[in-house]
Structures are given as C-alpha cells and as structure tokens.
Amino acid sequence: MTRNQPFNKDTDVRPSLVGPTIAALLSLILPGLGQLLAGASRRGLLLFFSLGSSIGLLAWRIRLAARREDEVVKIFLKAMSLQPFLIVLVAIVVALWLWIAWDARRQAQAKGAGGAGIFVLVLVVFFALGWQITEIDLYKAVTQISEAGPPLMKILWPWQKAVTQEESYTTARADIVTPCTDNPPAPPDEVPGQPYVMVEPTCGIPSESGKPGTVLTVTGRGYAPNTQTVFWWEDPLGGEFRIWKEGEYLQVQTDDNGAFETQITMPIIVIPPSAGPGPHFHHLEARQTASVGAYKASDELKLAVERMVETIFLGLMATLFGVVLAVPVSFTAARNLMSTSRITLIVYYVSRTVLNIVRSIEPLIWAIIATVWVGLGPFAGIIALTLHSIAALGKLYSESIEGIDPGPIEAIHATGANWLQTIMYAVVPQMIPPFVSFTIYRWDINVRMSTIIGAVGGGGIGFLLIQWIRLLDFRAAGIAVWFIAITVAVLDYVSADIRQRFV
Amino acid sequence: MLEVKNLTKIYDDGTVALKNVSFEVRDGEFLIIIGLSGSGKSTLLRCINRLIEPTEGEIIWDGVNVTAAEAEELRAIRRQIGMIFQQFNLVKRSSVLNNVLSGRLGYMNPWSSLLYRFSAEDLRRAQEALERVGIPEQARKRADELSGGQQQRVGIARALMQEPKIILADEPVASLDPVLAVSILSHLQQLNQEDGISILCSLHYLDLVKIYATRVIGLRGGEIVYRGTREQIRRMTDAEFKEIYGAEAVRISAGLGEGDEPA
C-alpha cells in the first residue's frame, strides 16, 4: 500500500486493542467501533457515518412509501409490497453492515488489511438510494414513450397555429319547452334558401341522473352539403353547451343536399328552483363552421413576434447598461491599478467582494427581487440582467486590465509621449479586443437569459412560453421555442462574426 | 554626448541595482554594456531616459541635465533618445504602421494624435523607416503576425521615427536566434555608421560584442567592473572575463571563431 491511499494512513500506528472476534462483534453492534478499537479510526468513522446516513435515508424512504401506516412492522411490510426496489436496498444495506463487521475482524487481525472494496459497496448503496430517491422509473420511461410524441411533434412543427382563417357560421335554431304544456311551440317557419332545423317533439323532460330524458328527433335542411354539423343547447338562463352523445361531442355529416336527421336525448339541465316551475324555454342550435377567406397571422404568432422583439431589446438594453456601469467598476477592481495605496487597495477588495456576491446570485433570482421592486414586465428583467452583467463584466474587464502587457506602455513612454497618448496608444489597443469580446459574449448571454427571465415575470417571450406550456398549448409554445431558437442561432453567428473582426 | 555621473538606484524593496556608476557615451560611439542578468544593465538603460527614476547621480544629455528635467522638458529629451527592447514591446494587436507611427508621438500635436491622425509627412517617414529596416511590405499587418526578427525591426523603425541622436537597446537580440541577432545588430551598426546615431546597447554574448562594439563596459552587481575597447575585448583574459561574469562562468562561443568576422 502506498502512502497516498487515504484510508490506510493510520494502519501502522498502533496495535489493535481488541481481538478479531470482539472487533467483529463490536462493529456488528455499533458499525465502525471495531475498526476504531483496532486502530483504523478514520476507516471506522467513515464507515460509521456511511452506514448511519444510508440507514437514515432508507428509513425516510420506507416511511414515505407507507405514509398511512402507524406500526413499524406494518410500515415496513406495506413499503416493501408497494415498492419492491426497497427490498433490494434493505438487502444491500444489511450486506454493508455485515461486511463492516467482517472488515473489523480483518482490521484487528492484520494492519493494512482490507482494500477499498468496502467503499465501493458504500458507493453502490448511495447510488441505489439515489435511484430510489429521484424516482427513476425506466419501465415507465419505455412504456409511456408514445406519450411524449404528440407534444413533441406540436413543439417541433407548430406552424398550423401560426395562421388562422376567418370563420363563418351556418346556423339555425328550434324552441323546446320543459315540461310539456297543452300547446307546445310550433316548429319554426322555413324560409327558402336559409338553413332550417326542426325538433320533434318540441317539448319533453330533461334527463336526470340514471334516468334518460325524452328522445328528440332533429331534422335539418338547407345546410352546406357533406359538412360536419354540431349541436348546441341553450338553457333558459342563457347557458350554452355542446350536445354529447355516447361519450363524444355529437357531430353529424350533412348529405349531398345539405340535409341531416339525428336523434338526441335531452341532456341533464339543472334549473335553479328560483326559476320557478316552468314552463321553461330552451333552444337547440345546429351549427356548421367553415373557414373562409385568406390565411392570416394568428394571435399567438403576433404575440410571439411582439414578445420576441421585446426580448431582444431587453437583452440589448441590459447589456448597454451593464457595459456602461461595468467599465468604471472594473477599474476599481483591477489590482494593478489599485495597489498604489492602502485606501485604493481597500476599494479594490470591497468592489471585488461586491462583484463576487452579485455575480453568484442568479439572474432569475434578481428578476424575482426586481419584480417586487418595479413590478412585472421587461423593466424588471432589465434590472436583473443589468445587475448580473455589471458583476460578470466587471470581473472580466478588470481581469483583462490586470493582464495587459506593460511593455508597450514603457515603449510609448520612451518615445516622449504624454500620459494621455500613452493610454491611447499602449493601453487602449490592448483593452479593445477583450472588451469587445467580453461585451459580445455578455450580450449573447443576456439575450439567451432574457428568453427565460419572463418565466419569473421579467418580461419578454419567456412569460408567454411558460404560460402556454402550463395551458398545455404545445403548438403555441412551439412557436415561442422556434423564435427563441432562431434568435439564439442568429445571435451565435453574428457574435462570432463580430468577435472575429475585432479580436 | 551622454554623461552618466555617480548614478545610484535603490529600489523600494532595498535592492541596490546600481552603485555609483559613471561613464560617458561620445557621439557616434557603439557602446556595449555586458554583464549577467541582474547586474543592472536594464536599470541603467531605463534610468537614462527616466523610465526608472534614479535615486542619486546625474545624467547629462547634450549639456542638459536629464535628472532635473520637468515633465515637458523630459518628454522633449526622451524623443531624442530612441529605445528598443528585448521583448520588442510592440502593441501586438495594432498594425505595424501604427506601431512605427507611435514613435512620432513626441513631435505631434497631442490632440490630433489622440485621434490617430498622422500627417502625410509622418506617413512617408514611417514608410521610409520600414524600408530602411527591410520590411516595407509588412506595414498593414498586425504586429503579432510578424516573426520575432521582423518585430524587432519594427521596434527599430519606431525608434527611427524619433529622429534619435542616440538609441538605447536593452538586450535587443536576447529573444532571437544567433542569425537574426547578427542581422539586427548589423542594422544598428548601419545606423551608427551611416547616420551617426550613438548606440548604447546591453548584450549577453561576448562574441557579438567583439564584432560590433567600439567600446565596452562591464557591470557586475550594479558596479562597473570593466572598461575596454574592442581590441581589449578581443584579447580579454579569463581572469578579466571572470571578473565580469563571476568565478563560475565558462566562455561559450556562439559559433563564431576567435577573431573571425561574420561573412
């Protein structure tokens, strides 16, 4: 064994205080105790904490699996039956415990005995626990893979949703009365050339739970031929709903003459007692929808374009403010400029610390703080990205100031140039490439960030994206995703191009 | 004529870089300073145009006291003193032409120089300087695209733009291979002989010293330990050599035989 191996540092220090059997028994009672007394104290402690924490985690998972049980035995059995993988985990942990006892015996027998094998088992225990804790379910992942198809396809090709057409309705309605009275309403008058719908009978009893209501025969004429027709019911309170039949919305196709005939059962209609005993008037409407006219951009498309423009400018403004504010800050954070006196050195340390703190807080968190500060919208996003940009650019700029070559400064001084000329000829040419490069890099990051900063209310397209995903409107979300992808790709190209020109 | 009188430099950390150094560079001389690294050669050269402030002593340039000069006067003196460096000290990302033109800054109107507006006269002068050092076709390239030898030529061209009466060269060939070293030093020699520009140059290689120097001084631990002519250098004994380079030093020939002139 070489000295570098971490677990054997103490093996040749002291002789074992206990015999092999005692050590094994002690480790069986308190894992690691045997090793401790056998002189392998680091190994003992490490094993003690490994086993202790894995038993703790296992107990937590078992309790979680059998939430409703109270007794220990019942909890255990319920958990094992619900999640068989826990059995495997228990077995591995028990095996680890036994190995620890056996390991204690070997430690007591000989110095330096026992390799790193036991720690491999410790790792196995932790990864198995990780598998259980993170609820990895490969079976589900394989069997339900088809579920991912529809949303994925909609996101990948959302363009049906990008255009709409004007819709026109062909519609007619008939009156129905509940309950039946002596003189039920007459069928509506038929006007030639107009769509016409007739219900027979014109009165009846609505369905109730488990008791179907009156069956109505609906006949229509004068509709567009060979077109799907749907039916809407309007109750006396003005509420409208579509008619269901056999678990689906009822759709009827008209024949070649534009006529149809179908039967519906009167739906369940809840009429509040305050509406009185009746009679109540209902309407049945048969409706055809046709898309007419030219395609035009849908509301989703228009919204996505608007928000994308907002997003790009959000990133631009944040970069602008970030750069303008980061330049002065970067001079105070450059060690070579600030090491002239104790006061400037304090300024250096303060600005370095502040920059590090601001930078370590994610822009999304700054955005949440900014939305509380200035309200929802792009301005909050600008504040968040600006703060993070100042911190990130301040650090990068100051490091590039620290890294400039002092040689040219000396050389320009030697030509008899004054201070300002030296800055312009020796410092600025060295500063421009890193400044341009870091600024473009930051602009790149800011536009990318601004696409998601809307998710927490910071304005831009992220807000739409999150909203559409939550509404399961994957086509609309797909439009947003496409715009983001296109913008980022264009930006990548442009920034690489600009960087190449300047640097 | 450049006179250095009792020059002493003690750095803030207490390091004594130069101790009571006195010598002079007569017009048209090619004076070479030899010595180990750390013997004070670079400090000495930088004290002359006050890139480093001397602690004590005086530097007289053409009768003017450099050490007492105020800012404006110092700049006027500096522009007469060209300087080239071991690491060339070019602005790597600027063009060769801009690097050369920057040698003209001491003469220019400060405001137009800030906008990089150079007169036609200065542009012609820069092109001439580049032709003089043999790289006129490289003017538009970025300085860091050039090889080391070419970069040092740009350094010389920049110094030429100052119309200098003397050129301080701080280990001008230490970063170059021997062939390029000979070429650069030959350029300096040409300036020395044709234009009468005095050269004050620090060097490592004794063999090169023998070829180019008209006079030599040796520095060790910040003190002048040797003064001699080219002929004396050629006949230098091992004892004298060790006086300058220390007891451990061994003479290493850079491939140039004793007394041989380069082809």
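These are my notebook entries on a few features I looked up in this structure.

**Entry 1: the model**
I am working with a predicted model.

**Entry 2: helix 14 and helix 15 of chain A**
I started with a pair of packed helices. Such a pair is described by the angle between the axes and the distance between them. I looked up helix 14 (residues 406-414) of chain A and helix 15 (residues 419-453) of chain A. Their packing angle is about 155°, and their axes are 9 Å apart. Helix 14 of chain A is therefore roughly antiparallel to helix 15 of chain A, since angles over 145 degrees count that way. I noted the crossing of helix 14 and helix 15 of chain A as right-handed.

Next I listed the residues that meet. Helix 14 of chain A brings A:Pro408, A:Ile409, A:Ile412 and A:His413. Helix 15 of chain A brings A:Gln421, A:Thr422, A:Tyr425, A:Ala426, A:Val427 and A:Gln430. I sorted the residues of this contact into six nonpolar, four polar and no charged.

**Entry 3: where chain A touches chain B**
How many residues does each chain give to the contact? I found 19 from chain A and 22 from chain B. On the side of chain A that touches chain B, helix 14 and helix 15 of chain A are the elements that give two or more residues. Helix 15 of chain A gives the most to that side, with eight residues. By type, the chain A side divides into 11 nonpolar, seven polar and one charged.

**Entry 4: cis peptide bonds**
I then checked the backbone. Most peptide bonds are trans, and most residues other than glycine have a negative phi. I looked for exceptions.

The bond from A:Thr178 to A:Pro179 is cis, with omega near -25°. I placed A:Pro179 in the loop between strand 1 (163-178) and strand 2 (196-200) of chain A. The bond from A:Glu200 to A:Pro201 is also cis, with omega near -5°. A:Pro201 sits in the loop between strand 2 and strand 3 (215-221) of chain A.

**Entry 5: positive phi**
A:Glu135 has a positive phi, near 55°, and is not a glycine. I found A:Glu135 in the loop between helix 6 (117-133) and helix 7 (138-143) of chain A. Is A:Glu135 buried or exposed? A:Glu135 counts as exposed, because it has 8 C-beta neighbours inside 10 Å, and 12 or fewer is the cut-off.

In chain B, B:Tyr116 has a positive phi near 60°. Its place is the loop between helix 4 (110-114) and helix 5 (120-132) of chain B. B:Tyr116 has 12 other C-beta atoms within 10 Å, so I noted B:Tyr116 as exposed.

Definitions and conventions
Residues are numbered from 1 along each chain as its sequence is written. Chains are lettered from A and ligands numbered from 1 in the order in which they are written. This is a predicted model: local features need pLDDT of at least 70, side-chain atom pairs count only at pLDDT 80 or more; totals for chains, interfaces and linings use all residues. Axes are lines fitted to C-alpha atoms, for helices over the stretch in contact, and angles run from 0 to 180 degrees between N-to-C directions. Helices (H or I, at least four residues) and strands (E, at least two) are DSSP runs, numbered from the N terminus. Angles under 35 degrees count as roughly parallel, over 145 as roughly antiparallel, 65 to 115 as roughly perpendicular and the rest as oblique. A crossing is left-handed if the near helix is turned anticlockwise from the far one by less than a right angle, and right-handed if clockwise. Two residues are in contact if their C-beta atoms, placed from the backbone, lie within 7 Å. Ala, Val, Leu, Ile, Met, Phe, Trp, Tyr, Cys and Pro count as nonpolar, Asp, Glu, Lys and Arg as charged, and the others, Gly among them, as polar. A residue is buried if 20 or more other C-beta atoms lie within 10 Å of its own, exposed if 12 or fewer, and partly exposed in between; C-beta atoms are placed from the backbone.
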